[in-house]
Amino acid sequence: MYETQPGEPIECGPFEVEMVKMAHSIPDSFRCGPHLALGTTLITGDYKFDQTPVDGVPADVSRLAEFGREGLLLLCGDSTNVTRPGIADSESSVGPHLEQALSRCDGRVIVTCFASNITACSRWWTPPPRSGGKVALVGRSMRKNVNIGRTLGHIHIPEGSSCRCAR
């Protein structure tokens, strides 16, 4: 395991890897920029150019542009809905819409999301569930990722909130 800062190279066998900050639904997202003998590659994984991400730290677009100016041997990029025209709304715009929708609901509300989407998972407690409301996590990945999010400080469950884990 390596602990590093963005732009700080990591020696990995015969090559060097640079981590570049990217915005995503997973907080603290970084992408690998291995510098190989033949040239530099950039492996992005899934990303989104969100100018106002929930964690407040947008992608390092200037470093990505430097990679382009320096010349890339290979770019492996993955971005959902990349073929759709226009600009997607920021993840931070989801929260207010969700709060508004939930304020109009009576009774049980069931919401789903990808377990890896830590920012979405954190929204179930911000604001706290309505009086007497409970948040139930279903699935091993959901429970595991919410616990990781709590440990890293990305998910805050307010005192007195109920969080149950269903099996």
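Reply: Gladly! A network of salt bridges links Glu18, Arg63, Glu66 and Glu70. Keep in mind that this is a predicted model.

Me: What makes Glu18 and Arg63 a salt bridge?

Reply: The test asks for a side-chain nitrogen of Lys or Arg within 4 Å of a carboxyl oxygen of Asp or Glu. The side chains of Glu18 and Arg63 meet at 2.6 Å, N to O, so the pair passes by that cut-off. Glu18 lies in strand 2 and Arg63 in helix 1, so this contact ties together parts that are 45 residues apart in sequence.

Me: How many salt bridges does the rule give?

Reply: The count is three. Besides the pair with Glu18, Arg63 meets Glu66 at 3.1 Å and Glu70 at 3.3 Å. Glu66 and Arg63 are three residues apart in helix 1, which means about one helical turn separates them.

Me: Why is Arg63 called buried, while Glu66 and Glu70 have other labels?

Reply: Buried means under 20% relative accessible area, and exposed means over 50%. Arg63 has 12%, so the label is buried. Glu66, at 32%, falls in between and is therefore partly exposed. Glu70 reaches 52%, so Glu70 counts as exposed.

Me: How do you know whether Lys21 is buried or exposed?

Reply: Its relative accessible area is 9%, so Lys21 is buried. This lysine lies in strand 2, and the residues it touches, not counting those up to four places away in sequence, include Asp28, Phe30, Asp55, Val57, Pro58 and Asp60.

Me: Why are strand 1 and strand 5 called edge strands?

Reply: Five strands form an open sheet in the order 1-2-3-4-5. Strand 1 (10-12) and strand 5 each have a single partner strand, so one side of each is left without a neighbour in the sheet. From one strand to the next, the twist averages 25°.

Me: Which elements make the right-handed β-α-β unit?

Reply: Strand 4, helix 1 (residues 61-70) and strand 5 make it. Helix 1 lies across strand 2 (15-21), strand 3, strand 4 and strand 5, and runs at about 140° to strand 2.

**Nonpolar cores**

Me: What makes a set of residues a nonpolar core here, and which one is the largest?

Reply: The members must be buried nonpolar residues joined through side-chain atoms within 4.5 Å. The largest such core has 12 residues, among them Leu98, Ala115, Trp124, Trp125 and Ile157. Helix 3 (118-122), strand 6 (134-138) and helix 4 (140-151) each give two or more residues to this core. A second, separate core of seven residues includes Val20, Tyr47, Leu64 and Phe67.

Conventions:
Residues are numbered from 1 along each chain as its sequence is written. This is a predicted model: local features need pLDDT of at least 70, side-chain atom pairs count only at pLDDT 80 or more; totals for chains, interfaces and linings use all residues. Side-chain values use heavy atoms; hydrogens and water are left out. A crossover is right-handed if, with the strands pointing away from the viewer, the path from the first strand over the helix to the second runs clockwise. Helices (H or I, at least four residues) and strands (E, at least two) are DSSP runs, numbered from the N terminus. Buried means under 20% relative accessible area, exposed over 50%, partly exposed in between (1.4 Å probe, protein chains only). Two strands pair if DSSP finds at least two bridges between them. Axes are lines fitted to C-alpha atoms, for helices over the stretch in contact, and angles run from 0 to 180 degrees between N-to-C directions. Contact means heavy atoms within 4.5 Å.
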